[in-house]
Amino acid sequence: PEPQALVGRCEHVVMVPRTYAQLTRLLDSEHAGTDQYVEVIERDPGLAARMLQLAGSAFFGVPRPVTTIAAAVTYLGTEIVRGLALAVHVFTRARTSVPRARLEQLERRALMTATLARRIAAPAQADSAFIAGMLTVIGELVILDAPPPPTSALDPARVGAYLLGTWGLPLELVEAVGFHRRPSEVQHDGNGLVLAVHVADALARTVATDPPVVDRAFLERVGRVADLPRWQDLGARLEREVR
């Protein structure tokens with residue numbers, strides 16, 4: 001009930017963007033081509049400009065400058081472009097109520113989490129891991145937009161998962177966002193996406209003097225503790241690339 005009430009009071013970030021819905025319909029079509037994706041994105045000049053800016057950033061490591069939406073779709077892929085459309089919409093809407101410095105901090109952390117999650121995940125889950133990583137901060141944006149009562153102890157991850165569920169996003173994405181801070185609560189074995197997003201979020205929060213807050217019991221349960229040093233190296237390398 002608490003996340004439901006909070007989302008009900010949220011004024012700016014709770015509406016699923018029309019562009020995302022249009023891109024989803026294209027992805028569900030067997031005959032959609034790059035030109036149609038480009039046309040949808042270019043109808044929103046603000047989205048198109050921000051997507052070009054992000055696609056050309058160090059987070060993606062595209063080998064040449066990205067100067068057109070067609071190039072962004074070609075280099076990043078339709079799934080990543082759709083996820084970026086959703087994330088850019090959310091951050092744009094949040095500008096009305098969230099202080100700029102805080103919004104920039106959250107967006108950078110989301111990009112770090114998404115990029116790391118994409119590199120950590122199995123190839124078949126890489127795009128989904130990126131999208132889930134971008135959306136890990138959505139609950140924090142909701143709370144900033146519609147603050148809960150002072151006595152409330154709402155979990156931002158659960159708030160975000162509730163909102164994504166109302167938008168009809170795939171269950172695996174909702175689950176990865178909802179449990180990315182407490183992965184041990186996921187009891188089934190199909191938890192590769194949760195693993196990638198959890199580790200990526202922990203590493204994205206890390207500062208130079210602090211160890212990442214990784215759920216080692218969960219890593220032991222899924223047999224991936226030995227991979228943690230490699231993932232930490234990935235995080236440190238990405239931090240240097242985007243500095």
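At what angle do helix 6 and helix 7 pack, and how far apart are their axes? Before I answer, a word on the source. This is a predicted model, in which local features need pLDDT of at least 70, side-chain atom pairs count only at pLDDT 80 or more, and totals for chains, interfaces and linings use all residues. Residues are numbered from 1 along each chain as its sequence is written, and side-chain values use heavy atoms, with hydrogens and water left out.

Now the helix pair. Helix 6, residues 78-94, packs against helix 7 at about 165°, with the axes 11 Å apart. Helices here are DSSP runs of H or I, at least four residues, numbered from the N terminus. Axes are lines fitted to C-alpha atoms over the stretch in contact, and angles run from 0 to 180 degrees between N-to-C directions. The two helices are therefore roughly antiparallel, a term for angles over 145 degrees. On the helix 6 side, the contact (heavy atoms within 4.5 Å) is made by Ile 80, Phe 91 and Ala 94. Helix 7 supplies Leu 103, Leu 106, Glu 107, Ala 110 and Arg 118.

Next, helix 9 and helix 10. The axis of helix 9, residues 138-145, comes within 7 Å of that of helix 10 and crosses it at roughly 95°. That makes the pair roughly perpendicular, the term for 65 to 115 degrees. Ile 138, Gly 139, Glu 140, Val 142 and Ile 143 of helix 9 meet Pro 156, Val 159, Gly 160, Leu 163 and Leu 164 of helix 10.

Of the eight residues in helix 11, 171-178, six are buried, meaning under 20% relative accessible area with a 1.4 Å probe, protein chains only. They are Leu 173, Val 174, Glu 175, Ala 176, Val 177 and Gly 178.

What about the loop between helix 7 and helix 8? Ala 121 is found there, between residues 100-120 and 126-134. Ala 121 counts as buried because its relative accessibility is 12%. Leaving out residues up to four places away in sequence, Ala 121 touches Ala 126, Ala 129 and Ala 196.

Key:
Buried < 20%, exposed > 50% of the residue type's maximum accessible area, 1.4 Å probe, protein only. Parallel < 35°, antiparallel > 145°, perpendicular 65-115°, else oblique.
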